[in-house]
Amino acid sequence: MRVGRAVKALGLTTIVAMALTGCEGSTNNLESPEISELQGGTVTVAEANSFSSFNSNTAHGNLDINSKVSYATHSGFGYLDQNLNVVLNDKFGKIEKISDSPLTVKYTINDDVKWSDDAPVDANDLILEWVVSSGYFNDRNEASAKGTNYFTFAGDTTGLALSDFPEIGNNGKSITLKYSQPYADWQTALGFPTVSAPSHALAQKVGLKDAAALTSLFKNTPRGNPQSPAPVNPQLKKVADFWNTGFDAQTLPTDTSLFLSNGPYVVKSIGSDQSMTLVKNRDYSWGPAVHLDQINIRYMPDASAQVEALKEGQADIVVPAASAEVINQIDSMTGSGVSMVKGEQLSYEHLDLDFTGVFANKNTRLAFLKTVPRQDIVNKFIKQLDPEAKPLDSQLFVPAHAKYQDSAANNGSAQFQVPDIAGAKKLLNGAKPKVRILFDRNNPSRYDIFRIIASSAAQAGFEVLDASLPGDGWSKALGGDSYDAAIFGWSNPGIGVSDVPQIFKTGGETNFNQFSDSKVDELTKTLITTSDATQQEDLKLQIDKLIWDDAYGFPLFQWIGLNVFSRHVTGIKYNPTQLGVWWNVWDWAARA
């Protein structure tokens, strides 16, 4: 579900592949006393999911909690504010467009920016970020099943893949990228919102002398060519393997190089499956000034338990899954100094069908989709929060977008408004397929969605099996062969178009269900090189229809977000991205 460019698979309020409009949110101040802010102090946040990796840019580590911690402990060239505007951080460095033809972009990091072990953040870190984000060495050929994809990056590599190996300058503090074609998302393509991988630490872990040696390895290794895959490069694979899994941790590593910070906070401790503590980075001066000395994170999957923790003073900020029950629970706290902000999220729940195994046959996919009672699911989870709520009828737009109605009217979603059990039986022609559905076993909402789908599909002859996994097991299983369909969510970074090829192009970094359509591939190539908003929307309309034509799966509903906080904390502003309240963590302050 990778914040910034990357679209990430999340554990609770999961991720999006669509263009969404921003939302200011509505505030319900149950009590708003005038209390002065304090410099320093501690705030406790309740989060639904357990931390699992210091590298939130991998496909399996791209969970919401990992991304939030990464954001609080790293910095970069800019961020998105609550209105989804790009805010550049010139205290960290500078992004300059040198030329439009060819597109040439220079990144320069300021001299005082450093990691928490005092090593400088420099061009070597940007080179590592670029190598991973561009898929520079990937030469996997899906048609021949030969070649290697080295780094399991969760974002899209299509855009940065248009650039040549960077030129290093400014005494090792800058890199310059030259693109072969225009790239729509160039401004947020690299180091936005964070530079999160310490190249010197990675170099040490794979037996290289220093970060410069790692950069030298990259520079002297030929670019991958899927048309002529090369044998596996052992040294490069060693680097990639460590990047892919070496930063995973559910307890605090004894090796501090595995959790270095270059941002406002540093991880101090982790309680396995229970909590995490962040403390202020005393050296940090290359971004917005922070107020708090410490942030405690408690892992609490149950929404009602989060609200109860707020009531009892055991949490100051909670972000519970929205439901009528939870909102009533919060409303009952009138007079206790609690504020609630509610708004649409840039995330939606969806059901994806795997294009191998039982669902390799399009008629079987269509039959299964005809059984899904999408309105019943909406009624259970969203209707009480929004009486006008309907099933989401687009993979790339939400109802607030100007093009949503056009897409919904023409993409073929109209035939799936209500279950058609008779039509499903006709397509199955007496077959009784077994379908394994993957979802997060620890998420009650996902389990309820599974039960609703399984019950309806059984009427047409499907045997639906629970293939759920606990913890981060479900996210690690994505893209594997242990399931036939998956229930999870997508969350969009809020800007750009790179999320579309990331999910829907053949071999896309988070194309977990092996979807492949040559027309979609061509359209996504055009999309990422098109800067005109009107043309981008037209391309998305075409892509959306092709996805529905292929019986890809279903978007189910757009999630509604809740930010609830006590009188003890101030500075909370609603943000519809997966970062939620964390987007301006530097503004959080304790109250006397």
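Helices (H or I, at least four residues) and strands (E, at least two) are DSSP runs, numbered from the N terminus. Keep in mind that you're looking at a predicted model, where local features need pLDDT of at least 70, side-chain atom pairs count only at pLDDT 80 or more, and totals for chains, interfaces and linings use all residues. Residue numbers start from 1 along each chain as its sequence is written, and side-chain values use heavy atoms, with hydrogens and water left out.

**Stop 1: helix 2**

Select residues 123-134, which make up helix 2.

Now zoom in on the start of the helix. A side-chain oxygen of D122 comes to within 3.0 Å of the backbone nitrogen of N124; that's a polar contact (a pair of N or O atoms within 3.5 Å; within protein, one must be able to donate a hydrogen and the other to accept it, and residues adjacent in sequence count only if both atoms are side-chain atoms). Slide to the other end: just after helix 2, G135 has a positive phi of about 60°.

**Stop 2**

Next, colour the open sheet of four strands, with order 7-8-10-9 and antiparallel pairing. Its edge strands are strand 7 (93-100) and strand 9, each pairing on one side only. Neighbouring strands here are turned by 20° against each other on average, direction ignored. Helix 2 packs on this sheet, touching strand 8, strand 9 and strand 10, where contact means heavy atoms within 4.5 Å. The helix direction makes about 35° with that of strand 10; axes are lines fitted to C-alpha atoms, for helices over the stretch in contact, and angles run from 0 to 180 degrees between N-to-C directions.

Pick out I168 and its bridge partner in strand 10, I175. Strands pair if DSSP finds at least two bridges between them; strand 9 and strand 10 have three.

**Stop 3: strand 19**

Finally, select residues 553-565: all 13 of the 13 are buried, so strand 19 is largely enclosed by the rest of the structure. Strand 15 (residues 339-353) runs antiparallel to strand 19, joined by 11 bridges, and D352 has G553 as its partner. Strand 14 (residues 317-318) is also antiparallel to strand 19, through two bridges, with I317 opposite F565.

Terms used
Buried < 20%, exposed > 50% of the residue type's maximum accessible area, 1.4 Å probe, protein only. Expected span 1.5 Å × (residues − 1).
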